[in-house]
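I opened this notebook to record what I looked up in one protein structure. The entries follow the order in which I took up each topic.

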Amino acid sequence: MGSSKLLCYCFLLQLLFTTSLIQAAPGNSKLFREYIGAEGKNVRFSDVPINPNVDFHYILSFAIDYTNTILPSPTNGDFTAYWDMENLSPSQVSSIKSKHPNVKVAMSLGGDTINGQFVFFTPESISSWVRNAINSITQIVKEYHLDGIDIDYEHFNADPDTFAECIGRLLFFLKQNKIVSFASIAPYDDDSVQPYYLALWSKYGNLIDFVNFQFYAYDKGTTISQFLQHFRDQNTNYKGANILVSFGTDDSGGLKPDKGFFEACSTLKSQGKLHGIFIWSADDSKEAGFPFEKQSQALLACAK
């Protein structure tokens, strides 16, 4: 993209998004989302049960702006796909979407680690990071026939305002130019993470369709009442958001399915506050045969 065009879009951002235009979240939805491909366990889209009566999003994990070397280093917004590309290829994306009209596929940016090292958000400057990110992400989206984007940086070598500007300008360009149709963020309740996403939400929340809040980052042994309080707290933080509830099928914390997760979901649904469910991750669910994916989608698909 030419520098003049980038400057034009940045100017539009200044005009249009000086203040956040948060829209009120609707009631219950039938949205189910699942991260897939981060752990090299040969999981395929077709392995995961798909209920035809839900809106189903796969989230490819992850695209990372780091080099693929023994000692990875940041590339200032030049993203590369690091998910299981053999089992989750562009042709397989097209195949699963053609077989299931209710399926969309997104990719997540960042993640926790690469080759055992933390992935840090490390822009050299706002303008250069945004320029590189627009170019590389657009290429990946077109190659893989993707519909959306998710932001899941968890470590930062920049201040919250810089993060908000970089991600906000990126999302604005991608949505304004119809490169993606939806966007989400994946924060969790930690003082080293939450301020970055709150800064982004405060200024560019109108560009964010879903908040994939990592409720599984809370302590192990979380109770139903604690979970519901966490949900209320995050609704206060991300006012007006479509906050999705979540659990992990790995050894993470939070409220697990066998400890009352679905009871908590039923409570939220009765209050008109169940905006969707997401799971981390299909890779971890494969061995057990995806029982909680089935249960999650059945709950979402139920009219009551």
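**Entry 1: the annotated region.** UniProt lists residues 30–303 as "domain: GH18", and the entry is unreviewed. I also noted that the model is predicted.

**Entry 2: the whole chain.** I found nine helices and 13 strands in the protein chain. The radius of gyration of the chain is 18 Å, close to the 19 Å that the globule rule gives for 304 residues, so I recorded the chain as being as compact as a globular protein of that length. The C-alpha trace spans about 50 × 40 × 35 Å along its principal axes.

**Entry 3: helices α3 and α4.** I reminded myself that two packed helices are described by the angle between their axes and the distance between the axes. For α3 (residues 126–144) and α4 (residues 160–176), the axes come within 9 Å and cross at roughly 40°. The crossing of α3 past α4 is right-handed. On the α3 side, the residues in contact include W129, I134 and I137, and on the α4 side they include R169, L170 and F173. By class, I found 11 nonpolar, two polar and two charged residues in this contact.

**Entry 4: helices α7 and α9.** I then turned to α7 (residues 261–270) and α9 (residues 291–301), whose axes come within 11 Å and cross at roughly 15°. Angles under 35 degrees count as roughly parallel, and therefore α7 is roughly parallel to α9. α7 passes α9 in a right-handed crossing. F262, C265, S266 and K269 of α7 make the contact with F292, Q295, S296, L299 and L300 of α9. I sorted the residues of this contact into five nonpolar, three polar and one charged.

**Entry 5: backbone geometry.** Which peptide bonds are cis, and where do they lie? I kept in mind that most peptide bonds are trans, and that most residues other than glycine have a negative phi. The bond from S61 to F62 is cis, with omega near 5°, and F62 is placed in strand β2 (residues 55–64). The bond from W280 to S281 is also cis, with omega near -5°. S281 lies in the loop between β13 (277–280) and α8 (282–285). Finally, I looked up H145, a residue other than glycine with a positive phi, near 60°. H145 lies in the loop between α3 and β8 (148–153).

Conventions: Residues are numbered from 1 along each chain as its sequence is written. This is a predicted model: local features need pLDDT of at least 70, side-chain atom pairs count only at pLDDT 80 or more; totals for chains, interfaces and linings use all residues. Side-chain values use heavy atoms; hydrogens and water are left out. Axes are lines fitted to C-alpha atoms, for helices over the stretch in contact, and angles run from 0 to 180 degrees between N-to-C directions. Helices (H or I, at least four residues) and strands (E, at least two) are DSSP runs, numbered from the N terminus. Angles under 35 degrees count as roughly parallel, over 145 as roughly antiparallel, 65 to 115 as roughly perpendicular and the rest as oblique. A crossing is left-handed if the near helix is turned anticlockwise from the far one by less than a right angle, and right-handed if clockwise. Contact means heavy atoms within 4.5 Å. Ala, Val, Leu, Ile, Met, Phe, Trp, Tyr, Cys and Pro count as nonpolar, Asp, Glu, Lys and Arg as charged, and the others, Gly among them, as polar. UniProt positions are given in the numbering used here, feature names are shortened, and annotations may be inferred rather than shown by experiment. The radius of gyration is taken over C-alpha atoms; the globule rule is 2.2 Å times the number of residues to the power 0.38.
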